[in-house]
Amino acid sequence: MPHSLLSRDFLLLFCITMFCNSFVAVFYCFEQWLEGMAVSPGWRGILLSAMFATVLIIRPMASVFLLRRSKLAALTLSIIACCAIMLAYPFVAGTHLVGLVLLLRLAQGTALAVFSCCTVAVLVDCIPKGQSARGFALFSLTLLLPYSVIPAVAEHILPLLGGETRLFAATALLGVPSLIMLIPLAPRLRNPELAPVEQGGATGRELWNQMRHSGLFFVYLACFTFSVMTVQAIFFMKGLCSLTGAHPAWFFTIYTLTIIAVRLTGSHKLDKLPRYRTTLLCSALLVGCMLGLAWGPLWAFVPLTLLYGFGLGLLYPLLAAMVYDRSTADTRSLNSNIMMAAFDASGMLAPLIGGLIIHAGFGYRGVFTGTAVSIGICGCSLLADRLRSGK
């Protein structure tokens, strides 16, 4: 285990993940593209969630399969597959558009599940003891940086590229540096997290028992409901802004830059913050932000977005640190992948819920009212975990 968080392998993994997360960030305009292609709200929700549903199904199997194996080939193939899928979008058209897009989303979900399992397993091995919140805070920038840059840049270059599908294809270029950086990272990727059973490694039954008795159910539920809010905010903000008159690019840029500032300036203090008190306060703050964005005046858009970014900047790394710190060395990788599976489940269900709310006639404001309910449940789950643990 390295003593320095910012080791060479951590930085390489950071850059690879940041580039590959751009394949997801570019779909900020996916729902609007589907609407422009006259796809019904119900199908839009299904297509949005299909990729995350596949990740949810594939991740547990991939996680267990890869625990005792090299991840180099799996990571390489998953990056290549993601690039090929992004390049295929400009060729999707005609009467079979929905079916073709569904196939692409399912294929990309499979590739992302394998990619994420590999990166999470290597990440937890790179984080030194006592720096879990800081490690997850910094690594979360691999998703935030693409969301802070791609929507803002894409809104300007979309007319030049000629449409969203060509924008999706253009992001495939980011797979090239990712593949190159796998070369120096290869030695670590070849090392499995667990030794074979015959060499003293834990058996599947032992891992399952440790996982069942981890006491992390309410933390996983908090992760799930927290992520429902963030996923719906990402996919439906452009639609909300079409009603309120706000600029969607401002939302993505402001809140991601706020999170980046919070995590860069405060990363050394995150592990010293009182976990329960801070997470409960953040949950309450985010409830107010979601309701304000849905129903508040236009002038409040920027201040609320800043507060939203501040709440997210603290809440996610503290949730992830709870899972890391309350896991054993053998179950840390598996429990972290279960936490990620909770995020996958939210990615599958959140667009479906949003699509159903719109289909029911409540519109985009109804979707964001729902996000306030979701983050409220997150806070209640953390309170339940605190009462259960007696802390």
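**Exercise 1. Decide whether alanine 38 is buried or exposed, and say where it sits.**

Solution. Start with the cut-offs: buried means under 20% relative accessible area, exposed over 50%, and partly exposed in between, with a 1.4 Å probe and protein chains only. At 69% relative accessibility, alanine 38 counts as exposed. Next, find its place: alanine 38 belongs to the loop between α2 (30-36) and α3 (41-66). Helices here are DSSP runs of H or I with at least four residues, strands are E runs of at least two, and both are numbered from the N terminus. Finally, look at the backbone: alanine 38 has a positive phi of about 65°, although it is not a glycine.

A word on the model: it is predicted, so local features need pLDDT of at least 70 and side-chain atom pairs count only at pLDDT 80 or more, while totals for chains, interfaces and linings use all residues. Residues are numbered from 1 along each chain as its sequence is written, and side-chain values use heavy atoms, with hydrogens and water left out.

**Exercise 2. Work out the surroundings of leucine 5.**

Solution. Leucine 5 lies in the segment before α1. At 2% relative accessibility, leucine 5 counts as buried. Now list the contacts (heavy atoms within 4.5 Å): leaving aside neighbours within four places in sequence, leucine 5 touches Phe10, Cys126, Ile127, Pro128, Gln131, Arg134, Gly135 and Leu138.

**Exercise 3. Check the lengths of helices α1 and α4.**

Solution. The expected span is 1.5 Å times one less than the number of residues. Helix α1 (residues 8-25) has 18 residues and reaches 25 Å from its first C-alpha to its last, close to the 26 Å expected. For the 17 residues of α4 (residues 72-88), the span should be 24 Å, and the end C-alpha atoms are 25 Å apart, which agrees. Then turn to burial. In α1, 14 of the 18 residues are buried, so this helix is largely enclosed by the rest of the structure. Buried residues of α4 include Leu72, Ile79 and Met86, and their cover includes α1, α3, α5, α8 (164-170) and α9 (175-190).

**Exercise 4. Describe the largest cavity and its lining.**

Solution. On a 1 Å grid over the protein atoms alone, a cavity is a set of points where a 1.4 Å probe fits but cannot get out; lining residues have an atom within 4 Å of a point. Points are joined across faces, edges and corners, and a volume is the space filled by probe spheres set on them. The structure holds three cavities of 30 Å³ or more. The largest has a volume of about 940 Å³. Of the 37 residues lining it, the closest to its centre are Asn21, Leu143, Tyr316, Met340 and Phe343.

**Exercise 5. Find which residues serine 116 contacts.**

Solution. Serine 116 is found in helix α5 (residues 97-126). Its relative accessible area is 12%, so serine 116 is buried. Leaving aside neighbours within four places in sequence, serine 116 is in contact with Arg59, Asn337 and Met340.

Technical notes:
On a 1 Å grid over the protein atoms alone, a cavity is a set of points where a 1.4 Å probe fits but cannot get out, and a pocket is an open set with protein on both sides within 12 Å along at least five of seven lines; lining residues have an atom within 4 Å of a point.
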